[in-house]
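Here is a friendly walk through one protein model. Please keep the structure open as you read.

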Amino acid sequence: MPNAQQTYDLLVRELKEIALLGSVGSVLGWDERTQLPPKGTDHRAAQSSLLARMVHERFTSPRIGDWLGEIESSSLVTDRESDAAANVRETRRKYERARKLPASLVEEQSRVAVLAQQAWGEARKKSDYPSFAPWLSKTLKLKRQEARCIGYAAEMYDALLDEFEPGETAANLRKTFEQLRGPLVELIGKIAHSGRAAPIEILERNYPPEAQAKLAREAAEAVGFDFQAGRLDVSLHPFCSGIGPGDTRMTTRYDPRYFGDAFFGVLHETGHGLYDQGLPATHFGTPCGEAVSLGIHESQSRMWENFVGRSRSFWKTFLPKAKSAFGQTLKDVSEDQWYFAINDVRPSFIRTEADEATYNLHVLLRFELERALLNNELPVADLPAAWTQKMQQYLGITPPDDARGCLQDIHWSGGAIGYFPTYTLGNLYAAQFFEQVAKDLGDLDAQLARGEFSPLLGWLRHHIHRHGMRYRAAELAKRVTGRELSAEPLLRHLGRKGEMYGAT
Ligand code: ZN
């Protein structure tokens with residue numbers, strides 16, 4: 001009979017091998033989105049699905065369950081903050097999720113997702129919601145089945161949310177989001193009626209892609225992204241993939257007539273990348289070497305993109321660099337104008353183009369609607385009307401068609417329900433962490449103005465990155481900031497944008 005320590009070592013060795021196999025899939029995925037010739041897609045799909053099946057089979061093997069059971073009844077997990085306890089707790093969670101879903105359901109879901117995404121693409125092009133509605137109904141039906149297989153205490157949504165945000169619940173999210181919603185709707189309304197407008201036309205001038213790429217790379221490097229352990233490439237849809245220790249790859253795209261997309265996009269992906277680069281390499285393949293949740297991952301990207309990248313201090317050193325990079329383009333632009341332009345707030349239809357403040361209302365709307373759809377409280381046929389009503393209520397605007405309304409996002413067609421809230425959770429966590437780091441470091445603003453980013457990165461490494469999944473998101477926030485997650489820090493942060501509009 002092996003003892004619990006030997007069994008734990010076996011488990012860790014197996015998890016690491018499974019993760020290695022999975023990371024081979026990540027390389028293929030990166031290649032698919034940046035390099036693959038169009039005719040190679042079928043062959044790539046075959047490679048990727050074979051790998052995914054191998055990973056799934058090894059991870060759901062009954063011996064993993066036996067090993068977990070043995071370790072769970074040993075003293076190895078007594079200290080619940082130990083590596084072993086965290087690794088066993090999170091591996092158990094994932095194992096149960098993977099085991100409880102019958103292969104037939106998983107296959108049906110991926111079959112329907114492919115067809116639903118095709119239908120969604122066509123429907124969006126023609127702004128024809130009725131042609132997508134049956135696919136949304138099918139998807140929801142399968143998601144309800146999934147939730148019932150996995151099990152839940154309060155409501156089905158919790159079972160789906162748990163995949164992205166372990167331990168979070170719909171009821172808790174609703175409480176926090178509701179703290180945010182009223183004051184945010186009021187702030188955005190005041191800004192919209194302030195009679196002032198940010199000079200966003202200065203962001204829509206001539207920005208040669210080569211100069212953009214150079215400046216964005218310089219910013220990523222300055223804040224601490226290690227290019228010996230990562231890359232920046234071009235892809236249609238920007239992403240960051242943490243392939244493994246020493247290999248974090250991010251992408252962006254350049255619009256020669258718009259500054260914001262690439263620069264802030266790169267800072268965003270850099271935030272994800274810094275988290276991946278800060279995860280402990282020795283724990284690769286086990287939960288202690290993985291990110292806590294999508295919400296915490298997003299808190300890192302949003303912090304560098306918005307709290308650092310849109311601060312006045314950051315541009316003390318970067319506006320002179322931008323001016324020399326773009327020559328005539330920025331010759332007449334003052335620091336005040338630049339700061340106002342990059343902090344523009346205005347209601348708009350498309351989530352991915354929304355500013356930092358209104359963005360959250362796009363997310364709240366989706367959370368409320370997807371939860372109602374899943375619970376059968378909102379008939380699929382009534383989605384466009386419900387969408388319009390909320391857009392009017394929250395942002396004071398009416399989408400001209402469904403393409404710019406409920407058909408704009410790919411998420412639901414792919415079966416991603418319970419995903420949207422992680423974006424706003426990211427903003428909430430970022431704001432609360434950022435208030436804490438400012439308190440702890442004392443002169444964060446002055447450091448940022450001098451272009452010194454290592455104290456901030458060091459703080460994130462110490463308080464967040466090095467722990468991997470040791471603590472769940474809510475617990476991590478409480479440990480790091482001494483408080484439960486609250487909407488107040490984000491409201492304070494966004495309130496400062498209101499000041500530019502005289503709307504406080
Ligand atoms: Zn992100």
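## About the model

This is a predicted model, in which local features need pLDDT of at least 70, side-chain atom pairs count only at pLDDT 80 or more, and totals for chains, interfaces and linings use all residues. Residues are numbered from 1 along each chain as its sequence is written, and side-chain values use heavy atoms, with hydrogens and water left out.

His268 in helix H10 (residues 260–278) and Glu298 in helix H11 lie 30 residues apart, a pair that links distant parts of the chain. Helices (H or I, at least four residues) and strands (E, at least two) are DSSP runs numbered from the N terminus. Both His268 and Glu298 are buried; buried means under 20% relative accessible area, exposed over 50%, and partly exposed in between (1.4 Å probe, protein chains only).

## A three-stranded sheet

Three strands make an open sheet in the order E1-E3-E2, with mixed pairing. Strands E1 (230–234) and E2 (240–244) are the edges, each pairing on one side only; two strands pair if DSSP finds at least two bridges between them.

E1 pairs with strand E3 (residues 247–252) in the parallel sense over five bridges, and Asp233 has Thr251 in E3 as its bridge partner. E2 and E3 run antiparallel, joined by four bridges, with Gly244 opposite Asp247 in E3. These two strands form a hairpin with two residues between them, and Gly246 in the turn has a positive phi of about 80°. E2 is mostly covered, with four of its five residues buried.

## The second largest pocket

The second largest pocket holds about 470 Å³ of space. On a 1 Å grid over the protein atoms alone, a pocket is an open set of points with protein on both sides within 12 Å along at least five of seven lines, a cavity is a set where a 1.4 Å probe fits but cannot get out, and lining residues have an atom within 4 Å of a point. Grid points are joined across faces, edges and corners, and a volume is the space filled by probe spheres set on the points.

Of the 23 lining residues, Phe307, Ser311, Tyr339, His493 and Arg496 lie nearest the centre of the second largest pocket. Helix H20 gives the largest share of this lining, six residues. The lining divides into nine nonpolar, six polar and eight charged residues; Ala, Val, Leu, Ile, Met, Phe, Trp, Tyr, Cys and Pro count as nonpolar, Asp, Glu, Lys and Arg as charged, and the others, Gly among them, as polar.

Helix H6 (residues 129–150) gives the most to the lining, with three residues.

Phe349 sits in the loop between helix H13 (335–342) and helix H14 (359–374). Phe349 is partly exposed, at a relative accessible area of 23%. Phe349 and Cys406 are 57 residues apart in sequence and 10.0 Å apart in space, C-alpha to C-alpha.
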